[in-house]
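Here's a chain to look over together, with a few "how do you know" questions along the way. Have a look at it first.

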Amino acid sequence: MSAKSFQQTQPRRNVSVAIIGAGMSGLCMAAKLQDAGVDDFTIFESADEVGGTWRDNTYPGLHCDVPSRYYTYSFRPNPEWSHMLPPGPEVQQYFRQVATERGMRSHIRFCTDVTDATYQDGKWWVTTAAGVEKFDVLVTATGVLRIPRYPDIQGLETFTGPTFHSSRWDHSVSLPDKRIGLIGTGSTGVQITAELGGEVKQLKVFQRTAQWICPWPNVRVSTRTKAAMRRWPWLNAFGYWFWSRFVRLIFGVAPVRPGWQRWLYQTQCRWNLRLSVRDRELKAKLTPRDQPMCKRMIFAGHFYRAVQKPGVEIITDPIDRIEPRGVVTADGTLHEVDLLVLATGFDAHAYVRPLTITGDGGRTLEEAWADGPTAYRSIGVPGFPNMFMLMGPHSPVGNDSLIHIAENQANYVMWWIDQLREGRIISASPTETATKAYNEEMKAAMPQTVWLTGCSSWYLNKDGLPELFPWDADRYPELLRAPEVTDFDVRTS
Ligand code: NAP
């Protein structure tokens, strides 16, 4: 059945929408609803401000590694970016501005945790501390990297100095006078090292696995360029188009199939290390054993420069335990530090959980995902009618702009919401068959990706398979362009 084959059966009806999360994707969904003239929506947000991961992460050196011109909503260009890769606080400011200028704040319930959402009698019953409210549609926009992962290291709690996760940075702690122990060298650890190396008394970086680093000088945007972007909006639009093609044609293809894009990225990483680090011992420490891109790609202009500054040490002996005065490595050395920063990543497989979502017939999402999170095109789950996920399992979260992905997902959700408004349907959820087939197809495509070439990363699920989109970045918008209605259980009366 084609997407157009529903017949209009009733006049346009009011559809109420609950969105969980006022981060990048929740605001995107809200904007799409507003543009379609849907005013009956509520965004539930557990914090006191919008921004999601950009609100939570405030560590020194934070920036987005997607070009700023492309890391924007297509419907809200930003001529004010200060750098080619936008600093974290600017990204957060951008989302705050979008929420304010579009009048979204009156729809947001700040400091409100949704504890439970249940589908019953054709509605979603959403529970918060304030009570229960019902909605026609539930959209989860809870982000991917939300729940900090704390390392399971013996004695961590005995350390006497301040200790915090990178996404919970305590800005009351002064840094220049400190000997800092930094655990983790993923995208976050690398950015922190690049920023703090040489700027603090000592920086001891505990590296369990070396990472490939791709150089990307973060060029400042001149005031003249900003003025030109303000004056001629088509320039901004061109920048968006250019960077979207650049990112998707190179970094959207490189990880998923062998070819010149992969060769280019891998060669750049290898030469970057070769040319940037002279000391043989340090170079050996920093040389990864796996292929570039097997873990998430890292772009950083200053990391290698920072690790060669006085007072910076890369420690590769495994951590044995933590004591009140510092970190003890397997060789018995006590590395004394004043402050411990845990850049140890996130639980990337939680998605909307621990919030309890109960679908048709009483089955919970926890039960539906007993074998790991799966979804139809990352958006829907069988048995959960009128529930849509933004940034759900297998969303293409590699190095494409997540904003671009969220927009495509929100457009897709809008198509279904329009069917509800037009009275063509009363509910829809993907079929088990279509969901299974989609996931099988993805599984079959995984072996050609670089993510399965022998490293461990947060991409991998408990079966050891990447929870990512295994095809070109351009394929995902194609898959979402026109809903295939036969892949859905649709109720029309
Ligand atoms: P991550 O990539 O999961 O890295 C965690 C780091 O902690 C790894 O180096 C890991 O070592 C280490 N680690 C974990 N447990 C440890 C333990 N018990 N002992 C020693 N080391 C331990 O986390 P992340 O760096 O926070 O980045 C997560 C994701 O956030 C990125 O991949 C990216 O998608 C996103 N991010 C994006 C940007 C951006 O610019 N757009 C910036 C920051 C983060 P192993 O490698 O050995 O596991």
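Q: What makes Glu432 part of a helix, and which one is it?
A: Glu432 sits in helix H12, residues 432–445. Helices here are DSSP runs of H or I with at least four residues, strands are E runs of at least two, and both are numbered from the N terminus. This is a predicted model, where local features need pLDDT of at least 70, side-chain atom pairs count only at pLDDT 80 or more, and totals for chains, interfaces and linings use all residues. Residues are numbered from 1 along each chain as its sequence is written, and side-chain values use heavy atoms, with hydrogens and water left out.

Q: Which residues is Glu432 in contact with, leaving aside its neighbours within four places in sequence?
A: They are Arg363 and Pro382. Contact means heavy atoms within 4.5 Å. As for Arg230, its C-alpha atom and that of Glu432 are separated by 49 Å, and the two residues are 202 apart along the chain.

Q: Why are H5 and H6 called roughly perpendicular?
A: The axes of H5 (residues 223–231) and H6 (residues 233–251) cross at roughly 105° and come within 4 Å. Axes are lines fitted to C-alpha atoms, for helices over the stretch in contact, and angles run from 0 to 180 degrees between N-to-C directions. Under 35 degrees counts as roughly parallel, over 145 as roughly antiparallel, 65 to 115 as roughly perpendicular and the rest as oblique. H5 and H6 are therefore roughly perpendicular to each other.

Q: Which residues make that contact?
A: H5 brings Ala228, Met229, Arg230 and Arg231, while H6 brings Pro233, Leu235 and Asn236. By class, that's 4 nonpolar, 1 polar and 2 charged. Ala, Val, Leu, Ile, Met, Phe, Trp, Tyr, Cys and Pro count as nonpolar, Asp, Glu, Lys and Arg as charged, and the others, Gly among them, as polar.

Q: How do you know how H6 lies against H7?
A: H6 and H7 (residues 260–276) pack at about 95°, with their axes 8 Å apart. That angle makes H6 roughly perpendicular to H7. Leu249, Ile250 and Phe251 of H6 meet Trp260, Gln261, Leu264 and Tyr265 of H7. This contact has 6 nonpolar residues, 1 polar and no charged ones.

Q: What makes a space in here a cavity, and how many are there?
A: On a 1 Å grid over the protein atoms alone, a cavity is a set of points where a 1.4 Å probe fits but cannot get out, and lining residues have an atom within 4 Å of a point. Searching the whole structure turns up 6 cavities of 30 Å³ or more.

Q: Why is the protein called as compact as a globular protein of its length?
A: The protein has 13 helices and 19 strands. Its radius of gyration is 23 Å, close to the 23 Å the globule rule gives for 493 residues, so it is as compact as a globular protein of that length. The radius is taken over C-alpha atoms, and the rule is 2.2 Å times the number of residues to the power 0.38.

How values were computed
On a 1 Å grid over the protein atoms alone, a cavity is a set of points where a 1.4 Å probe fits but cannot get out, and a pocket is an open set with protein on both sides within 12 Å along at least five of seven lines; lining residues have an atom within 4 Å of a point. Grid points are joined across faces, edges and corners, and a volume is the space filled by probe spheres set on the points.
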